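Biologist: I have a model open and want to learn to read it. Could you take me through some features, one at a time?

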Amino acid sequence: MMFNLFKPFKTQVPHWKNTASKQTEILPVPEYVHLMLSQHIGAPCQPVVEVGDEVLVGQLVAKSEAFVSAPIHATVSGIIEAIDEQKIIIKSDGKQAIDPSIKPPTIETDEDFIQAVKTSGLVGLGGAGFPTFIKFNVKDKSQIDTLIINAAECEPFITSDAREIIENAADVLEGIRVLADFLQVEKSMIGIEDHNAEAINVLNTQISGNAAYKNIHIQILPPKYPQGAEKVLIESCTKRILPLGKLPSDVGVVVSNVSSIGFLGRYLKTGMPLVTRRLTLDGGAVKTPKNILAPIGTLVKDLVEFADGYQQPPAKILSGGPMMGMPLDSDEKPITKRSNAITIFSPVQAMEHEELECIRCARCVDACPMSLMPVSIDQNVRQNNLEALKTLDLNACIDCGLCSFACPSKRTLVQNIRVGKNMLREAEQGGKA
């Protein structure tokens, strides 16, 4: 089935970019970091250190032999205090001493480049968390003609990608140049929403007059959610439609998040693996919303303390933004490679609305950028109608949440679509589908 992703956006989601102009602040080294062993799509890592070991910043502490994986490195220097099935806890010594083996990678071949990206521990920093070396390692580079850098950042509250551009444009552009050379493409596009005027101006200034960046184009996009969804972004930038079940490379493009590409530019110069994360801390419960650069594994409570604490009781904590973020059960949870934001709602913001009967208004259908029928999916999930669900293309859903946002009856549409996906997956694994 081919999806017309370029239909007009009818549902307006507020931006609430409260931290857009706030310079990133560096978090003081926390006393502890909790490094989760599963921080990406794919197999979790296994520790290569033991309790009591001394570790340095950038030192490998966990890896997996599985193909879909990304290694994990110490984000603070100190002592391994505990290890369990889920995480490694490091007690910081406050010194942030760097592993002396850290050095820029030597890249002479395509294989060297892919291995360097794998060794860096990079995963998609837009929230997807897919190991980046796999995305870059396309089978036939002759089929790729366009590199798209995702700087849309359409989710409410989040401004970490915009700050990456404003504060590290040179790294972003160098990362684009290197990746474009590797892919052998002549056209690179930065997809960015038009409200990010400061970031756009910085990019224009850096690109102008620099021959190395002559093939990098800024694609200014309307500020609409979910503009940053990969399938939507591809069509917005190229007018190409990505069929269900296909990869971006199948339509001639590679897509990478702008923070990922900025990290790549820095890593190739320094050799420092992915040990820190820029993220936006915002929401009605947070006293002083900020953009923060923190060691991966920092507890949410340490971020909140750095932001002057809570101004209201934290009623809901999300890793990510309000549309696609995943709930955390407390502020004792750590940030991971995938954490581009922590959004903490006040009691008013988190207030639950009573779910009413569907009034057949079709607003969820109008809102869906994938041209699905959320109302039908919801109905059949509630009725446990597996056969009907097989016909409704649930796997085309990108979990953007627009259907629930648009619903006047406050139906749990996106939640039930996720339930439906699980129902189909379990049926397939059981040999019933």
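Modeller: Start with W16. At 47% relative accessibility, W16 counts as partly exposed, because buried means under 20% relative accessible area, exposed means over 50%, and partly exposed lies in between (1.4 Å probe, protein chains only). Before going on, note that this is a predicted model: local features need pLDDT of at least 70, side-chain atom pairs count only at pLDDT 80 or more, and totals for chains, interfaces and linings use all residues. Residues are numbered from 1 along each chain as its sequence is written, and side-chain values use heavy atoms, with hydrogens and water left out.

Biologist: Where does W16 sit?

Modeller: W16 is in the segment before β1 (25-26). Helices (H or I, at least four residues) and strands (E, at least two) are DSSP runs, numbered from the N terminus. W16 is not a glycine, yet its phi is positive, about 50°.

Biologist: What is the phi of D393?

Modeller: D393 has a positive phi of about 55°, and D393 is not a glycine either. Look for D393 in the loop between α10 and α11. With a relative accessible area of 25%, D393 is partly exposed.

Biologist: Which residues join through a cis peptide bond?

Modeller: Y225 and P226 do, with omega at about 5°. P226 belongs to the loop between β11 (216-221) and α5 (230-238).

Biologist: Now helices. How do I describe a packed pair?

Modeller: Two packed helices are described by the angle between their axes and the distance between the axes. Take α3 (residues 160-183) and α4 (residues 197-207): the angle is about 15°, and the axes are 8 Å apart. Axes are lines fitted to C-alpha atoms, for helices over the stretch in contact, and angles run from 0 to 180 degrees between N-to-C directions. So α3 and α4 are roughly parallel; angles under 35 degrees count as roughly parallel, over 145 as roughly antiparallel, 65 to 115 as roughly perpendicular and the rest as oblique.

Biologist: Which residues of α3 and α4 meet?

Modeller: On the α3 side, A162, R163, I165, I166, A169, A170 and L173. On the α4 side, E198, A199, V202, L203, Q206 and I207. Contact means heavy atoms within 4.5 Å. The residues of this contact divide into 10 nonpolar, 1 polar and 2 charged. Here Ala, Val, Leu, Ile, Met, Phe, Trp, Tyr, Cys and Pro count as nonpolar, Asp, Glu, Lys and Arg as charged, and the others, Gly among them, as polar.

Biologist: Which residues of α9 are buried?

Modeller: In α9 (residues 374-382), they are P374, V375, I377, D378, N380 and V381. Their cover includes α8 (363-367), α10 (386-389), α11 (402-406) and α12 (413-429). Just after α9, N384 takes a positive phi of about 55°.

Biologist: And strands?

Modeller: In a regular strand the side chains alternate between the two faces of the sheet. Strand β8 (residues 87-92) is mostly covered, with 5 of its 6 residues buried. Strand β2 (residues 32-36) pairs with β8 in the antiparallel sense over 5 bridges; two strands pair if DSSP finds at least two bridges between them. M36 stands opposite K87.

Biologist: How does β7 pair with β8, parallel or antiparallel?

Modeller: Antiparallel: β7 (residues 78-83) and β8 share 5 bridges. I79 has K91 as its bridge partner. A hairpin through 3 residues joins the two strands.
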